[in-house]
Every structure is written in C-alpha cells, then in structure tokens.
Amino acid sequence: MPHLLPLLLLLLCLPVYGQGPAARHERPLPPDTTAWLDTEGRYINAHGGGILLHKGTYYWFGEHRPERGFATTEGINCYSSRDLKNWKHRGIALSVCTTDTLSEISRGCIMERPKVLYNEETRQFVMWFHLELRGRGYEAARAGVAVADRPEGPYHFVRSTRVNPGQWPLNMPAENRTRQFPAEEVKEWWTPQWRQAVEQGLFVQRDLQDGQMSRDMTLFQDPADGRAYHIYSSEENLTLHIAELSDNYLSHTGRYIRLFPGGHNEAPAIFHDPATSTYWLIASGCTGWEPNEARLFSAPSIWGPWQQHPSPMRGPGAKRTFGGQSTFILPLPAKQGGGWIFMADVWHPRSLMYSGHLWIPIRMNPETGMPEIERQKKKK
Ligand code: DGJ
C-alpha cells in the first residue's frame, strides 16, 4: 500500500492535541482533548461537518455550536486550509436569520451536519444541511439547501423541505404501498409487529404526502458521472435513504432507495473505491451524543444492492468508534497518494462547542479489499 505513506505522514502532523503555548484558548484544553485550534489559536467550531476540495484549497464546513445549549445561534462555520493542518477561520458561511423570527432559519433553529458540493454546470456551491425549526426540538426533520458563488460563502438560504413528497422509494415492494397497518398493532414501538411494519414501510406511508423525514445527512458526488446524492436518516431515524439530487443539486429528482429498513443507522459517511468499484458507507447507531459501534455497508452501485459487514474499526476503543461518531469521509487527491480520511465528532453535549475531531486514515486491507480504521497512538 505505497499510497498510504504520505497519508500517514500527513495525519501524524495534524494538530490533534493543540498547538502549543502561544495559542489563545477560550478556556484551557483538557489534557486528552480532541479539540483542535485554528490559525488564530481558537477552537475549531465546525461539528458534524464535511470538506470540499476546490482549486487546491480544502474548505471545512461544520456546525457552529454555542458554549451552552443546543440551538444554533450563529450558523454554519467555514475554515480553509491548503495542507489539512493549518485551518484559517473564514467566518460564518451560512448565517441564521436574526431579523425575522418567522424565517425557517431564524436564530434558535438547529442546523446540523452541513455538506457542500460544487456544481460544474451552474458554477455554484451548494450546501445541504439538517434543519430543525426554532422551538420545535427535533420534530421537523427537514433538509435545508443554500447556495453561494464562492466556496467560503456567504451562502443564501434557498428553502427547506421534507424529501420527495408523493414519491415511493424505488426499492419498496408495490404491495407495501397499499398495505394496511392496524393501529393497535403499531401503536407500541419496538414490538415484533411494529418492527415488521417499519420494515414494510409504516413511516414511508405515513410521510408520503409531506415528504420523508431527513435528519443526520451527508452528500455524495459520484466521480464517475458528477451526479449527486443526499443520504439521510429518515423514518424516525430508523432507516437510511439515498436520494438523487437534480442536475443543479438544488432539489431531489424523486428517485430514492431505503437502506436496511429499521436498522437504526445515522451519521452516514460514504466513499467510493475505484480499485474495486465499490461504494462504502459507514454509519453509527442511534444513541444521541453517546458513541456506539460503527456500521459498515457496501454496494457495487449507489442504487445497491447494499450489504452489511462488521464494523471496520480496529484496536483499542473500536467498539465505541474511539469515542467518536462518523461525519464525513474525505478522499485525498491521487497526487497526494490517494486514500481517504475518516472524520468523526467527539461530542461533548455539556458544551457542544468544545466537541472534538477525530480524523483517521482508512486502510484498505489488501487481502479482503475491505476498509479498516485504527486509531494511531498519541505521539509523545
Ligand atoms: C445524534 C446525531 O448524530 C447528531 O447529529 C445530533 O442530531 C444528535 N443526535 C442530537 O441528539
């Protein structure tokens, strides 16, 4: 695996444990922190994020989180870097609306897991994110979209939506569209009858008119043809969906599939390995801010068939994804040796702002062709 060497060298240089005494901290770094500092010595406040590589610069977009509380007070943060090591704060890329309390993105909404793609045709940068409406907890389960002419923004909010109203998933058997689910069999969650109903599309049916729920999410641009996909936790976080985006990336085409109905997967992150023509998807289970064991799926096409494998995490801490939760998988350019970086959030729910970042190179096992992720020991 000669291509892994440059990647490992790069990762050993990443500022995982702070940047020395000159750094200005909002508060002292705890000894084992995974919080990172930007070039100004401030905490990198970009959580649930993703990275766009554009013209040799990496742009890291993530949730700006307040020191206290969960609601979004500022918006989506942006940092840029040419070496993946020194991150310059570029400001808030998408701001909450501070003047109109009726705006869907008014201050106090919740913006999570932003991801950005560049659309070659429209020459626009398109951001999708999970949006919860102000004062409504996590019940809205919407996807927001915003656009910009420059990678760092400012992004202009276009709209928010539930996904694909009126459209059935491509892989949902026709008989389940008209299946009756007697209320007494499905009102209690987690019973065997309820589980079966979920698999058969109980919540897809319920949400058909208004569109499917969309919470934890990522975007994927297929290098083969430039088509883009929105991958999100739907159906009360019980089932992942993969939905195709329109040519301009600003809406959905109506084509989507369900992945492992009732599998209770969230925090999706995806990459494509051209060597084996395989799409790999890593997700977490649903335990709030608590880490859990990662899940791994693969498919020969984005449309499936998808199969599940054991967790790709290896070594100490693997059972709880080393304390992190997947957010994005960053492909590295071939001229830098190629390969991928698995990015995860180490959540600190008491003060989400100080949540940390865990970036680990993905190793493709030459014998099995499968991804493996092992946390390197801390450098002394
Ligand atoms: C887990 C999700 O992965 C996070 O993005 C966030 O939505 C929390 N749940 C909220 O409890």
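Tutor: Let us look at a sheet, its central strand, the nonpolar cores, one threonine and the ligand's surroundings. Keep in mind that this is a predicted model.

Student: How do I read a sheet, and what is the order of the strands in the open sheet of four?

Tutor: The general idea comes first: strands of a sheet pair through backbone hydrogen bonds, either parallel or antiparallel. Here, the open sheet of four strands runs in the order β5-β6-β7-β8, and the pairing is antiparallel.

Student: Which strands stand at the edges?

Tutor: Those are β5 (110–119) and β8 (156–161). Each has a single partner strand, so one side of each is left without a neighbour in the sheet. On average, neighbouring strands in this sheet are turned by 20° against each other, direction ignored.

Student: Over how many bridges do β6 and β7 pair?

Tutor: Seven bridges join β6 and β7 in the antiparallel sense. For one place to look, find Phe129, which stands opposite Gly144 in β7. On its way to β8, strand β7 (residues 142–148) pairs over five bridges, again antiparallel. There, Ala143 stands opposite Thr161 of β8, and Ala146 has Phe157 in β8 as its bridge partner.

Student: Is β7 mostly covered or mostly uncovered?

Tutor: It is mostly covered, with seven of its seven residues buried. You can check this face by face: Arg142, Gly144, Ala146 and Ala148 are buried on one side, and Ala143, Val145 and Val147 are buried on the other.

Student: How should I think about a nonpolar core, and how many residues has the largest one here?

Tutor: In soluble globular proteins, nonpolar side chains tend to be buried together. The largest nonpolar core in this model has 22 residues, and those with the most contacts inside it are Phe61, Leu94, Met111, Met127 and Tyr155. The elements giving two or more residues to this core are β2 (57–63), β3 (75–81), β4 (88–95), β5, β6 (124–132) and β7. With four residues, β6 gives the most. Apart from this core lies another of 20 residues, including Val126, Val145, Val204 and Tyr232.

Student: Finally, which residues surround the ligand?

Tutor: Look for Glu112, Arg113, Tyr138, Asp216, Glu266, Gly288, Trp289 and Gln325. Then turn to the polar atoms. An N or O atom in the side chain of Glu112 is 2.6 Å from an oxygen atom of the ligand, and for the side chain of Arg113 such a distance is 2.9 Å. A polar side-chain atom of Glu266 lies 3.4 Å from a ligand oxygen atom.

Note on methods:
Residues are numbered from 1 along each chain as its sequence is written. This is a predicted model: local features need pLDDT of at least 70, side-chain atom pairs count only at pLDDT 80 or more; totals for chains, interfaces and linings use all residues. Side-chain values use heavy atoms; hydrogens and water are left out. Two strands pair if DSSP finds at least two bridges between them. Axes are lines fitted to C-alpha atoms, for helices over the stretch in contact, and angles run from 0 to 180 degrees between N-to-C directions. A nonpolar core is a set of buried Ala, Val, Leu, Ile, Met, Phe, Trp, Tyr and Cys residues joined through side-chain atoms within 4.5 Å. Buried means under 20% relative accessible area, exposed over 50%, partly exposed in between (1.4 Å probe, protein chains only). A residue is near a molecule or strand if one of its heavy atoms lies within 4 Å of it. A polar contact is a pair of N or O atoms within 3.5 Å; within protein, one must be able to donate a hydrogen and the other to accept it, and residues adjacent in sequence count only if both atoms are side-chain atoms.
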